[in-house]
Amino acid sequence: MNPKVSIIMGSTSDLKVMEKACEFLNDMEIPFEVNALSAHRTPDAVETFAKNAASRGIEVIIAAAGMAAALPGVVAASTSLPVIGVPIKGMLDGLDSLLSIVQMPPGIPVATVGVNGSLNAAILAAQMIALSDSEVKQKVLEYKAGLGSKIEKANRELAEIKYAFKTN
C-alpha cells in the first residue's frame, strides 16, 4: 500500500492536533504517511521530501506548523503538489502561525485551514483525491451527507427540550 497523502509536522508535539486528520484518512481508507520534518532544523530533508513526494505517489501534502510556521510554504516552494497548511495553536493563540501560512508570495500557494483544523485539512485532501478516484468521491459524499443527518438529529432532540416560554 502506497500513501496518497503525506502528513508532515514540524514537531511530534503537533501530533495531538494532527490525529484527527489521521483518523479521518484512516476511516476513508485513504493510505497516508506521517512524518516530522522541520523547515528550520532539517531544511535539506524537507526539500528532498518535497521534491520526491510526487514520484513516490503522494497526491496531497498536509503540512502542520506552529509559531513561524514556515514548513507549509517551504514544502510548497519545492513541489507542484497541492499543499494544505494547518496552523498549530501556540503563541498568540495560533494567529502567528495562521498569518505565516496564508501570506505566501505569488506562485507559491498553500491552501490553509483554521488553527488546529487538521480534520478540515484531511477532508480537503480527500476532496482533492476524489476528483480522480470514484471510490473516495463516494466516501466523501457519504461523509458529507452524514454531517447533515447529525444536525437534523440534534434539531429533533432540541425540539424535545421543554421550557415554559419556549415556542418550538
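**Note on a predicted protein model**

1. Leucine 141 is found in helix 6; helices (DSSP runs of H or I, at least four residues) and strands (DSSP runs of E, at least two) are numbered from the N terminus. The structure is a predicted model, in which local features need pLDDT of at least 70 and side-chain atom pairs count only at pLDDT 80 or more, while totals for chains, interfaces and linings use all residues. Residues are numbered from 1 along each chain as its sequence is written, and side-chain values use heavy atoms, with hydrogens and water left out.

2. Leucine 141 has 47% relative accessibility and therefore counts as partly exposed. On this scale, buried means under 20% relative accessible area, exposed means over 50%, and partly exposed lies in between (1.4 Å probe, protein chains only). Between leucine 141 and lysine 166 there are 25 residues in sequence and 36 Å in space, C-alpha to C-alpha.

3. Helix 6 itself has 27 residues and reaches 40 Å from its first C-alpha to its last, close to the expected 39 Å; the expected span is 1.5 Å times one less than the number of residues. The N-terminal end of helix 6 is capped by aspartate 133, whose side-chain oxygen lies 3.0 Å from the backbone nitrogen of glutamate 135.

4. The overall plan comprises six helices and five strands, which follow one another from the N terminus as β-α-β-α-β-α-β-α-β-α-α. The C-alpha atoms fill a box of roughly 65 × 40 × 30 Å along the principal axes. Of the 168 residues, 38% count as buried.

5. Strand 3 is joined to strand 1 by five bridges and to strand 4 by six. Isoleucine 7 has isoleucine 62 in strand 3 as its bridge partner, and alanine 63 stands opposite glycine 85 in strand 4. Because six of the seven residues of strand 3 are buried, this strand is largely enclosed by the rest of the structure. Further along the sheet, two bridges join strand 4 to strand 5, where alanine 111 is the bridge partner of isoleucine 84.

6. Strand 3, helix 3 (residues 71–77) and strand 4 make a right-handed β-α-β unit. A crossover is right-handed if, with the strands pointing away from the viewer, the path from the first strand over the helix to the second runs clockwise.

7. Which residues have the most contacts inside the largest nonpolar core? They are Val5, Ile7, Met18, Ile30, Ile62 and Val86, in a core of 27 residues. A nonpolar core is a set of buried Ala, Val, Leu, Ile, Met, Phe, Trp, Tyr and Cys residues joined through side-chain atoms within 4.5 Å. Elements that each supply at least two residues of this core include strand 1 (5–9), helix 1 (15–27) and helix 5 (118–130). Helix 5 gives the largest share, seven residues. A second, separate core has 20 residues, among them Val46, Ile61, Leu71 and Val83. In soluble globular proteins, nonpolar side chains tend to be buried together.

8. Beyond its neighbours within four places in sequence, isoleucine 7 is in contact (heavy atoms within 4.5 Å) with residues including Met18, Phe32 and Ile62. Serine 6, found in strand 1, is buried, with a relative accessible area of 0%. The side chain of serine 6 makes a polar contact with the side chain of glutamate 33 at 2.8 Å. A polar contact is a pair of N or O atoms within 3.5 Å; within protein, one must be able to donate a hydrogen and the other to accept it, and residues adjacent in sequence count only if both atoms are side-chain atoms.

9. Most residues other than glycine have a negative phi. Glutamate 29, in the loop between helix 1 and strand 2, has a positive phi near 60 degrees, and alanine 69, in the loop between strand 3 and helix 3, has a positive phi of about 50 degrees. Are these residues buried or exposed? Glutamate 29 is exposed, with a relative accessible area of 60%, whereas alanine 69 counts as buried at 4% relative accessibility.

Technical notes
Two strands pair if DSSP finds at least two bridges between them.
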